[in-house]
Structures are given as C-alpha cells and as structure tokens.
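Colleague: Could you put the model up, please? I'd like to go through it piece by piece.

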There are 2 protein chains.
Amino acid sequence: MVVNVQRYFALEKKEDKFVLSENDLYHINTVMRMHDGDKVEVVHNNELYICELCDNLAKILTKESTTNNKKARITLVIPLLKEQKMDLILQKATELGVDEIVPVIMERSIVKFDSSKEDKKLARWRKICKEASEQSKRLDIPEVTRVLKMEELKSFNGVKLTCSTSEKSENIKKYLKKQRNYDKIILVIGPEGGLSKQEEEYLKTLDFVSVSLGNLIMRVETVPLFLLSALNYELME
Amino acid sequence: MVVNVQRYFALEKKEDKFVLSENDLYHINTVMRMHDGDKVEVVHNNELYICELCDNLAKILTKESTTNNKKARITLVIPLLKEQKMDLILQKATELGVDEIVPVIMERSIVKFDSSKEDKKLARWRKICKEASEQSKRLDIPEVTRVLKMEELKSFNGVKLTCSTSEKSENIKKYLKKQRNYDKIILVIGPEGGLSKQEEEYLKTLDFVSVSLGNLIMRVETVPLFLLSALNYELME
C-alpha cells in the first residue's frame, strides 16, 4: 500500500481493467490532473489493486495482499440532523471505522422525514462515505441504510447501547469491560433534545442498555465521534 | 446545574451582579429573546452561579456547589490549519475537555504564519473556545496560546506524545497503560504532510514519544478528536 497514491472504489471489473465512476474520473482528470500511465489504487470486492490509468480505465498491475484487522462490526444509529452535522458524522464515522450507518426517525428530531427527498439524500450520504473511505484507505465503504422507523431496530443483533446523560447509568467503559462478545455493536445516538421517554422505554424492551459517557456534555454530532474513538481505543491490542 | 439554562462566562463581578460581554448580551437579547427576570447560569473564577437578568446584568440568586472531576491537564499542540479545520478542532477539543491549545509553526503546514494577523486570529480562536465552553457547561475556558515556534515546546512538562503513522511505533493504548503520572499530557499533532524528519528528531530530544493510533488513517482534524476521546475513555473510572 503506497500512502500517497489516490484510492478509488471500482464500479466493475472488465478483464484486467476496472471501470471507475464519472465522479472519480473527474477527480482523476480535472482535480488531480493525472495522465495515462499514472498509478492509482483501486478497491474491488474488498481487495486492493495497484493500477495504471489507461484511456479512463484502471489497468491492473499488481494485486496487493491486505490484512483485515477489524474485530467488531459497528452500527451507528443516528437521528435525522441538519445537513452540516449529518455530513460531519458520515465523514468522521467513516474515518473512525464505522461499518453501517442507520438514520432513524426520532420524535425530537428537528429535521422531519420527507420520503420524496429520501433517494436524493441517500445518494448524497453514500457519496460522502465513499469519498471518506477512499481518503482513509479503507477496503470497504460503510453501508448507509434507508431511513428506518424506531420499530425496525428490533431486527438488529449484538451489543446494544444507547447514550444517556443521566449520571445514574453505568459508564460506557465499565459496561464494555464486562462484555465478552464484541462481534457486533449497535450504538443509538439521540437527537439534540435526547430520546423521548417512550423511545427510551421501547429500546429497553429491545435489550438496549443505556450507558453514560462520563462528565462531558457534547453536541449531538460529537457523540458518535467520541463513541467510535473510544471503541477503537478499547479494541486496540 | 440546570441543563436547559444558558451558560455564560462573566467579564467581571460588581457586588451581587455580573457584567457580561456584548456578544453574550446580543445572544441573550436577540438570539434567545430573554427578558429581565429570566434565569441564566454564570461562571466566574471557575464557580457557577444561578442568576436572573436585570438591566443587562446578571444578578446572583444562588451559588452552586460544583465538583471538578478532572484528573489530567491536557495540552493539544496543533499546526496552523485552514480556518474550517481549525474551527472544528477548537470547538470539538473544547467539548472533549482540552485544557490548553497551542498553535505551533510547522514546516509542512499549508497555512503560513502571518504575525500581522495573529491578534485577530487569536481573538477568533478564543471566542470559539468560550462559546463551546458555555455550550458544554464547562467551568473554565481552554487557554489558546499565541502561535509558538517548535523550540518553545521545550518548556512544556508532562507525558509527551506525538502521533506516528509508522506501524513500528507502540500504540497509544499500550503506552498509556504503562504510565503512572497522568497529571499533564501534551499531544502534538502534525500537519497534513506529517512532521518533518527534523521536527520529529527535535521532539525526540525533548522526550516526546511517538505513538501509533492503530490502523485508522484519519484526516488531520480528526486526530485530536480521536486522541481526546481515547484519553477521556482511558481516564474514565
């Protein structure tokens, strides 16, 4: 893996060449001003290839051996937020290794769900995650699901956590130290006004455990960054 | 401490009233549309007071007892960065409990130091930290120092760390687990291109230890958020 070479995710493989998206070709030709023969990294099916540009395709030179050090699949459940906060979470959560982002309709969200705009928003969110994955040299792109209702969280399995500002809750460190199964972790972040009483009660019935984040009072978009950082630190060996 | 009451840092105390800054009064009167008799929290000399508004002053009603749970003083040394990245670091580092932010001139910074603009920039940076402190209900505002040269870091004491992308370095978790003295921690973050060889060598002579952050490749502005989150998590009891 060469650190200063740009990385792109391929649309498809055609014999010994990869097809790249129009956005990526614009980045290659216009932003980076690269030419035929220049090297790029291309990811396809979670595998990394060193390629050279050739007629707007990426021709495979070598396949790199990569190791996947991940130990837990992390799902982040977030409220609908204003664009700037949403974009920050999507970009930073991708850098911090999130695997799945699930936007959920929550009672106290300032942003209301508008199904007519969902496809456009999803495309935008996924583009942010793709670009952040390239920048962070990931071999995968976090999945951004459609906007779900709270009830749809019942199909999610793993270590299930919600964040609480109540000092009575156990803190996240104490809780994680007691867990043995780190296969999958689901983190639910509430909106600015917090989860409603009903939502909290409902999540309890789905076996979500409410943990405190210590003494810090953070803006809503900072909470996932704190949680993902803390998890990465906890899972470091 | 009432969570939904706005918090402000007082300019000065005059008998049983606090004088607030013009910016804070604008926020109170125009943004929040508060009136005489409305309650605000005011911090003065790291003490918290519940006050009521009265002729653009804050009249003390009660002094609150507060506990300071902090266990380590955290200094963040950062390069000069473009405005948006700088602002993000200042705001988020404040939310994540940083005590001191030290902008340092580094070889590979894209942004060059311009002493004629220093005062204006400092005022801007300090305003961001003050507002983030109010939002995060802190009892203190992180100090933002003048822009220093690398050599001026020799007067700093404590656990001294720089971040490395080299896999040969020990990771931050292993390193911190071995430390006993957490009084003071100094974290140096390099610019986009990293610290130069000379800077790295120089920091070694000042007893800075280079640690890795695991397998994540982060943008420069994400590194301090990761580090501060990890530290908060490590120091949680």
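Colleague: Before I go on, what am I looking at?

Modeller: This is a predicted model, in which local features need pLDDT of at least 70 and side-chain atom pairs pLDDT 80 or more, while totals for chains, interfaces and linings use all residues. Residues are numbered from 1 along each chain, chains are lettered from A in the order written, and side-chain values use heavy atoms, without hydrogens or water.

Colleague: Which residues of H2(A) and H6(A) meet?

Modeller: From H2(A) there are Leu88(A), Ile89(A), Lys92(A) and Ala93(A), and from H6(A) Pro224(A), Leu225(A) and Leu228(A). Contact means heavy atoms within 4.5 Å. By class, that contact of H2(A) with H6(A) has 6 nonpolar residues, 1 charged and no polar. Nonpolar is Ala, Val, Leu, Ile, Met, Phe, Trp, Tyr, Cys and Pro; charged is Asp, Glu, Lys and Arg; the others, Gly among them, are polar.

Colleague: How many helices and strands are there in chain A?

Modeller: Chain A has 6 helices and 12 strands. These are DSSP runs numbered from the N terminus: helices are H or I with at least four residues, strands E with at least two. The C-alpha trace of chain A spans about 60 × 45 × 30 Å along its principal axes.

Colleague: What share of the residues in chain A is buried?

Modeller: Of its 237 residues, 52% are buried. Buried means under 20% relative accessible area, exposed over 50%, partly exposed in between, with a 1.4 Å probe and protein chains only. Among contacts in chain A with a separation of 6 or more, 73% come from residues 24 or more positions apart.

Colleague: Why is strand E11 of chain A largely enclosed?

Modeller: Because 4 of the 5 residues of E11(A), residues 184–188, are buried. E11(A) pairs in the parallel sense with strand E7 (residues 73–79) of chain A over 5 bridges. It also pairs in the parallel sense with strand E10 (residues 159–164) of chain A, over 4 bridges. Pairing requires that DSSP find at least two bridges between the strands.

Colleague: What stands opposite Ile186(A) in E11(A)?

Modeller: Thr75(A) does, and Ile186(A) is also the bridge partner of Lys160(A).

Colleague: Switching topic: in what order do the 6 strands of the open sheet in chain A run?

Modeller: The order is E1-E4-E5-E6-E3-E2, with mixed pairing. E1 (7–9) and E2 (12–14) of chain A stand at the edges with a single partner strand each, so one side of each has no neighbour in the sheet. On average, neighbouring strands of this sheet are turned by 40° against each other, direction ignored. E2(A) is joined to E3 (residues 17–19) of chain A by 3 bridges, running antiparallel, and Lys14(A) has Lys17(A) in E3(A) as its bridge partner.

Colleague: And chain B, what is the order there?

Modeller: The open sheet of 6 strands in chain B has the order E1-E4-E5-E6-E3-E2, again with mixed pairing. Within it, strand E4 (residues 39–44) of chain B is mostly covered, with 5 of its 6 residues buried. Strand E1 (residues 7–9) of chain B runs parallel to E4(B), joined by 3 bridges; Phe9(B) has Val43(B) as its partner in E4(B), and Arg7(B) has Glu41(B). On to E5 (residues 47–54) of chain B: 6 bridges join E4(B) to E5(B), antiparallel, and Val43(B) stands opposite Leu48(B). E4(B) and E5(B) form a hairpin with 2 residues between them, and Asn45(B) in the turn has a positive phi of about 50°.

Colleague: How many residues of chain B are in contact with chain A?

Modeller: 36 residues of chain B are in contact with 34 residues of chain A. The area buried between the two chains is about 3,300 Å², with 59% of it from carbon and sulfur atoms. That is accessible area (1.4 Å probe) lost on being put together, summed over both parts. Arg219(B), Tyr233(B) and Met236(B) supply 24% of what chain B buries against chain A, more than any other three residues.

Notes: Axes are lines fitted to C-alpha atoms, for helices over the stretch in contact, and angles run from 0 to 180 degrees between N-to-C directions.
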